[in-house]
Amino acid sequence: TISQFLKKRILKPILYLFTGLVFLLLIVVGALQLSPVQTYLAQRLSSKISKDTGYRISINKVKIDWLDHAAFEQLVILDTDGNAFMSADKAEVDFDLFSFYKATDIVLDEVILYEPDVRLRWQKGDPSINITTFIKTLRTAYGKSKSTGKTLPVTVLYGKIVGGHFS
């Protein structure tokens, strides 16, 4: 009969497809919870940022918890001349995930740097110090809202430095 034909030939494959897609989604979400996967993705992203800005960024390990807290270990940023600009044994960022999707601003609830070594210097051919140039370069590359075209402000509600060295 037609109803048996529909069940066997149409509904059954659709059910298998749906079940397979749900299972695949669960595997992807589960894999994203693993620190090695997060580290791999962060390293790929830092390579893209390095290419876009000229500042070489490396991260040894990343751990993202609950999609609103990230910990980075052995963070190193080299300026465009290849000199050590900033490094930190560990950096923690607590953020509002939904602020990344808003077109108005990006909110970082808390940023903590552990044992940072920040070396402020003037770069060749630039009247600004390296941290100012780095921020300007990031704004140029990533700071504009795709919907409005305006520069998005980044707000850090609380910042803390534990130990460290500035020169």
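Guide: Welcome! Two strands count as paired when DSSP finds at least two bridges between them. Helices (H or I, at least four residues) and strands (E, at least two) are DSSP runs, numbered from the N terminus. This is a predicted model, in which local features need pLDDT of at least 70 and side-chain atom pairs count only at pLDDT 80 or more, while totals for chains, interfaces and linings use all residues. Residues are numbered from 1 along each chain as its sequence is written, and side-chain values use heavy atoms, leaving out hydrogens and water.

Visitor: What makes β3 and β4 a pair of strands?

Guide: Six bridges join β3 to β4 (residues 106-114), and at least two are required, so the two strands pair. They run antiparallel. Across this pairing, Phe95 stands opposite Leu108 in β4.

Visitor: How do you know that β2 and β3 pair, and in which sense?

Guide: DSSP gives nine bridges between β2 (residues 69-78) and β3 (residues 84-95), in the antiparallel sense. Here Leu78 has Ala84 of β3 as its bridge partner. The hairpin of β2 and β3 has five residues between the strands, and in it Gly82 takes a positive phi near 85°.

Visitor: How many bridges pair β3 with β5?

Guide: Two bridges, again antiparallel, link β3 to β5 (residues 117-118). Two bridges meet the requirement of at least two, so this also counts as a pair. Asp117 of β5 is the bridge partner of Ser87.

Visitor: What else does Asp117 touch, leaving aside its neighbours within four places in sequence?

Guide: With contact taken as heavy atoms within 4.5 Å, Asp117 is in contact with Phe85, Met86, Ser87 and His165.

Visitor: Which side chain makes a polar contact with the side chain of Asp117?

Guide: That of Arg119, at 2.9 Å. A polar contact is a pair of N or O atoms within 3.5 Å; within protein, one must be able to donate a hydrogen and the other to accept it, and residues adjacent in sequence count only if both atoms are side-chain atoms. The distance of 2.9 Å is within 3.5 Å, so the pair qualifies.

Visitor: Why is the link between Asp52 and Lys48 called a salt bridge?

Guide: The term asks for a side-chain nitrogen of Lys or Arg within 4 Å of a carboxyl oxygen of Asp or Glu. The structure holds four salt bridges.

Visitor: What about Asp65 and Lys63: how far apart are the closest N and O atoms?

Guide: They are 3.8 Å apart. That is within 4 Å, so this is a salt bridge as well.

Visitor: What makes phi of Gln74 worth a remark?

Guide: Phi of Gln74 is near 55°, a positive value in a residue other than glycine. Gln74 sits in strand β2 and is partly exposed at 40%. Glu115 also has phi near 55°, and its place is in the loop between β4 and β5. At 42%, Glu115 is partly exposed too.

Visitor: Which residues form the nonpolar patch on the surface?

Guide: Leu17, Leu21, Leu24, Val28, Leu32, Tyr40 and Leu41, with about 660 Å² of accessible area together. The elements that give two or more residues are α1 (2-32) and α2 (35-53), and α1 supplies the largest share, five residues. Areas come from the Shrake-Rupley method with a 1.4 Å probe; for residues, only the protein chains shown count as cover.

Note on methods. Patches are made of residues with over 30% relative accessible area and no salt bridge: like charges are joined within 9 Å, nonpolar side chains (Val, Leu, Ile, Met, Phe, Trp, Tyr) within 5 Å. Buried means under 20% relative accessible area, exposed over 50%, partly exposed in between (1.4 Å probe, protein chains only).
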